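Subject: Structure handover

Hello,

Here is the structure I said I would pass on. My notes follow below it.

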Amino acid sequence: MKNGKNNEFRPTGGGSAGKNAAAGRETRENRENREPRERRENREIREARENRETHENRTPREMRENREPRGGKNPPQKDSRVRKNTFVERDKNKNGGGRDKNNADGRKDTYVYVLDGNLYINLTNKCSNGCSFCVRNERASYYGNYLWLRHGDPTAEKVIAAIGGLGDIKRFKEAVFCGFGEPTYKMAELAAVADWVHAQGLPTRLNTNGQGNLINKRDIVPELKGRIDLVNVSLNASSAEKYQPICRSMFGENGFAAMIEFARLCKRNGVNCRFSVVDCIGEEEVAACKRLAEGVGVPLYVRKYITDS
Ligand code: SF4
């Protein structure tokens, strides 16, 4: 299977064969016309390199047009410590799942799993954050459940069928929307599954990064009312400056502000909401988070940091 996978991604010969065929049709005249241009470009590149060494910093085009380099002769250098926002790739489910994400061929994606007497629901791998501590950076599974979805996000029907396969769900304490992604990316599925779970008599909880309004470009709080019995917002830090380097929201520091506003809207709309932090952030930071939560008017839940999974 592994070889089969490799074959799947191996570039086919078509592209290069096509290029060779075109080269074969090239006339001598074309080649002669092209060669001086290539030589000229090589010279320009060589000169550009030499100029860079003498701090002139001009591109070949700038040299040709005899222009000043963009940003002046000494443009600011890029800081290699600043990480590129890799959200585009995250959105395509490419930068998670750890090293084992393509292992265990033939395994089924996990839409629902059971932990600590709760029923957990994994709706998506999309996330607006790229938290440095996220389990999915390291592995495709969580306590043996493959939450890295190799076959796409499930429909509400697939999730409901998976829950139905577990038998009587009244034995669980609650149904929690929490997996390897941000559940509010899938509002339609979340609503349908929450309604179904409620109809079976089970309470619901949403674990969220609180950026659902930015993600959906609308206020989603009214859609949670009556469907979600507890919204748990992962606060993670007491300020945007502290949050962003750890959680790396695709919305920049606006992600933190939107999360606070989201919690405020939940409270205002009568949706039961709390913030949560892990205890390893230090007493001072926990105290600062508590003050922030009090300001918003929602409780703060301090939970133990889980190291093994
Ligand atoms: S918000 Fe949650 S799912 Fe998203 S990167 Fe952070 S820990 Fe992972």
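Which residue in β5 does Tyr 120 stand opposite? Tyr 120 has Val 176 across from it in β5. Please keep in mind that this is a predicted model.

The sheet

That pair belongs to the contact between strand β2 (residues 118-121) and strand β5 (residues 175-177), which run parallel and are joined by three bridges. Both strands are part of an open sheet of seven strands, in the order β1-β2-β5-β6-β7-β8-β9, and the pairing in the sheet is mixed. β1 (112-115) and β9 (300-303) are the edge strands; each has a single partner strand, so one side of each has no neighbour in the sheet. From one strand to the next, the twist averages 30°.

At the β1 end, β1 and β2 pair in the antiparallel sense, with four bridges.

Strand β7 covers residues 230-234, and four of its five residues are buried, so the strand is largely enclosed by the rest of the structure.

The ligand

What surrounds the ligand? The residues around it are Cys 127, Asn 129, Cys 131, Phe 133, Cys 134, Gly 181 and Asn 209. By type, this shell has four nonpolar residues, three polar ones and no charged ones.

A helix pair

Two packed helices are described by the angle between their axes and by the distance between those axes. For helix α6 (residues 156-164) and helix α7 (residues 187-199), the angle is about 30° and the axes are 9 Å apart. Angles under 35 degrees count as roughly parallel, and α6 and α7 are therefore roughly parallel to each other. Their crossing is right-handed.

Single residues

Tyr 142 lies in strand β3 (residues 141-142). Is Tyr 142 buried or exposed? Its relative accessible area is 15%, and the cut-off for buried is under 20%, so Tyr 142 is buried. Tyr 142 and Phe 180 are 38 residues apart in sequence, and their C-alpha atoms are 8.9 Å apart in space.

Two loop residues have a positive phi without being glycine. Lys 217 has a phi near 55° and sits in the loop between α8 (212-216) and α9 (221-224). With a relative accessible area of 74%, Lys 217 is exposed. Arg 248 has a positive phi of about 45° and is in the loop between α10 (240-247) and α11 (254-268). Arg 248 is partly exposed, at a relative accessible area of 23%.

Regards

Notes. Residues are numbered from 1 along each chain as its sequence is written. This is a predicted model: local features need pLDDT of at least 70, side-chain atom pairs count only at pLDDT 80 or more; totals for chains, interfaces and linings use all residues. Side-chain values use heavy atoms; hydrogens and water are left out. A residue is near a molecule or strand if one of its heavy atoms lies within 4 Å of it. Ala, Val, Leu, Ile, Met, Phe, Trp, Tyr, Cys and Pro count as nonpolar, Asp, Glu, Lys and Arg as charged, and the others, Gly among them, as polar. Buried means under 20% relative accessible area, exposed over 50%, partly exposed in between (1.4 Å probe, protein chains only). Axes are lines fitted to C-alpha atoms, for helices over the stretch in contact, and angles run from 0 to 180 degrees between N-to-C directions. Angles under 35 degrees count as roughly parallel, over 145 as roughly antiparallel, 65 to 115 as roughly perpendicular and the rest as oblique. A crossing is left-handed if the near helix is turned anticlockwise from the far one by less than a right angle, and right-handed if clockwise. Two strands pair if DSSP finds at least two bridges between them.
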